[in-house]
Each structure stands twice: as C-alpha cells, then as structure tokens.
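Hi,

Here is the structure I promised to pass on. Please have a look at it first, and then read my notes below.

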Amino acid sequence: MTSNPNTPGIGLRLAHLAEMVATRPAAGWLEVHPENFLANPHAAELLTEVSLHYPISLHTVGISVGSANGIDHLHLKRVRGLADRLKPIFVSGHLAWSTYGNEYLNDLFPLPYNEESLQLVSTHISYVQDTLGQPYLIENPSSYVGFRSSTMKETDFLSEIVRRTGCQLLCDVSNVVVSAHNMVYDAYQYIDNFPADAIREIHLGGYTPEKDEATPGAELLIDTHAAAIADPSWDLYAYALRRFGPKPTLIEWDNEIPPLAKLLGEAAHAGEIAQMIDTKAEANHAAAR
Ligand SMILES: [Fe+2]
C-alpha cells in the first residue's frame with residue numbers, strides 16, 4: 001500500500017501511535033479522534049510527525065451536532081487549532097448527540113428524524129463548518145431504537161441536511177448492517193437510498209452480536225468496533241462501491257485493539273474488494289463499447 005486516500009486506511013489509536021512513528025508501515029491514510037490529542041501534548045507531537053508521512057483525517061467524537069443546547073465553541077476552536085496544524089483531508093462527526101449541558105457522555109445518542117431536529121442539526125452543522133473553515137462530513141449512526149416522533153427516513157434526513165448546509169457525508173457501511181438488523185429493514189435498500197453525490201468517505205468496523213434482553217431468542221448487533229469486519233459488511237461494502245463508485249475507505253477498530261498488522265490486513269482486504277470492483281467496472285465498460 002502507498003500513502004494515498006484512494007488506498008484504504010486505518011483508524012490510528014494511541015496504542016499504535018509510537019509504532020507508526022517508528023516503523024512507518026505502508027498505509028493509504030490514517031484517521032484519528034482529535035479528542036485523544038487535545039490534552040495530550042506528547043501524543044500530539046507524535047501525530048504531527050506521523051502527518052508528515054500520511055494523509056490524516058479528523059473524526060470528531062465530541063462535536064455534538066444533535067445536542068439541543070448547542071455546540072461547545074471552545075472545544076470546536078481546539079479542533080480547528082489541530083486541523084490548522086495537521087491540514088486533514090476530512091473532518092467528520094456523527095449524526096447524534098453526545099453532550100448534555102457541560103457533561104460529555106461517552107456514547108453517541110440517537111435523535112428523532114423530524115423538522116424540529118432537522119432545523120437544529122442544520123444550524124449546528126453550518127456553525128461547525130463556518131468555525132472549521134471547511135466542509136464537515138456527517139456519518140450515519142448505528143441504531144438500536146427509533147422514535148415515534150420521527151417523520152422521515154434516515155436517508156431523507158441526511159439528504160436534507162446536505163441540501164440545507166452543503167455538508168458532506170461519511171457512509172459507515174457496518175453501521176448500516178447493524179442498524180438494518182436491529183431496526184429490521186433492508187440494508188441494500190438503505191444504500192440505494194443514500195445520497196450518493198455527497199459521500200466523501202466510507203467506514204467499515206466490527207460489531208458484536210448480543211442477546212436482546214427485551215425479546216427472548218432475538219439477537220442485537222452492537223457497534224463495538226471490537227472485532228474484525230464481518231462478512232455481511234464486506235458484502236454490503238462491495239455493493240456500496242458498485243453504487244457509489246470508488247471512495248476513500250477506512251477500517252475502524254477501537255476496542256480489544258489487535259496488532260497493527262491485523263488492522264493493515266483488513267485495509268488491504270478492502271483494497272482487494274475495491275480493485276476487483278474497479279476491474280469489473282472497467283471490463284463491463286469495455287464490453288459495452
Ligand atoms: Fe464509523
């Protein structure tokens with residue numbers, strides 16, 4: 001692999017930071033959570049060193065565009081400061097809320113999809129983009145519950161925030177697998193409905209099946225990022241690439257983190273799938289001429 005966002009990359013976590021600096025393995029690009037570096041000068045220094053050799057993307061977990069009480073401006077300014085130093089290829093975050101008042105919650109919570117939340121989220125995304133001085137990518141969440149007050153599909157909600165704010169999208173294919181299983185809908189149909197023109201990035205992450213306590217005999221998929229990419233995610237990824245065309249792709253693994261080589265192997269597999277599809281698309285194109 002060479003360093004190039006067209007080659008799949010990996011989420012770089014603190015556990016692998018020193019090894020990346022020391023060994024500089026081939027990787028397409030790297031994505032980090034800025035929150036891990038804002039109060040850790042040593043890690044920030046190592047990250048700056050890494051950024052000399054790999055394209056970097058910032059994936060925020062603390063900018064809470066779904067919070068009813070607004071965006072933490074100080075936090076956003078700190079992210080902007082890091083972005084000014086690293087010149088990231090993307091800055092992204094989630095269609096979710098994760099703060100309440102001054103509390104930062106260690107989770108991404110869902111919001112109803114209706115006009116009220118559309119207005120709130122759009123205002124916040126525009127504010128984030130104005131402060132960052134660049135487009136913000138919004139990622140589709142992994143879902144476990146829905147709201148009776150929702151009046152639109154998630155993909156329509158995403159289309160509308162793109163239209164209102166000019167933001168871009170990050171399609172997490174594994175989140176689609178997780179949500180489609182838990183919420184009982186067709187993952188492939190979801191990809192068909194996803195606003196393809198706005199996609200700048202794809203995520204793939206591992207999930208964990210767990211017993212559904214509320215429904216005996218049923219199973220939930222939990223978006224743990226604690227496992228290898230499962231076959232349904234690889235299959236949906238191939239389908240998504242056929243529909244969206246080639247997109248920068250990133251492997252996420254945040255818990256029970258494996259050796260760096262294992263992560264790079266997952267990225268290489270994503271690259272093989274992309275290559276196969278590219279080749280097939282070219283072959284089909286050639287056959288049609
Ligand atoms: Fe993701």
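First, the ground rules. This is a predicted model, so local features need pLDDT of at least 70 and side-chain atom pairs count only at pLDDT 80 or more, while totals for chains, interfaces and linings use all residues. Residues are numbered from 1 along each chain as its sequence is written, and side-chain values use heavy atoms, with hydrogens and water left out.

Helices (H or I, at least four residues) and strands (E, at least two) are DSSP runs, numbered from the N terminus. Helix α3 spans residues 73-86. Its buried residues (under 20% relative accessible area, 1.4 Å probe, protein chains only) are H75, L76, V79, L82, A83 and L86. They sit on the same side of α3 because they cover an arc of only 120° around the axis, taken from the directions from the helix axis to the C-beta atoms. L74 and R85, on the other side of α3, are exposed, meaning over 50%. The cover over the buried residues includes α2, β3, β6 and α4, where contact means heavy atoms within 4.5 Å.

After α3 comes K87, with a positive phi near 50°.

V184 is in the loop between α6 and α7 and is exposed, at 72% relative accessible area. H225 lies in the loop between β11 and α8, but counts as buried at 12%.

Best wishes

Definitions and conventions: Expected span 1.5 Å × (residues − 1).
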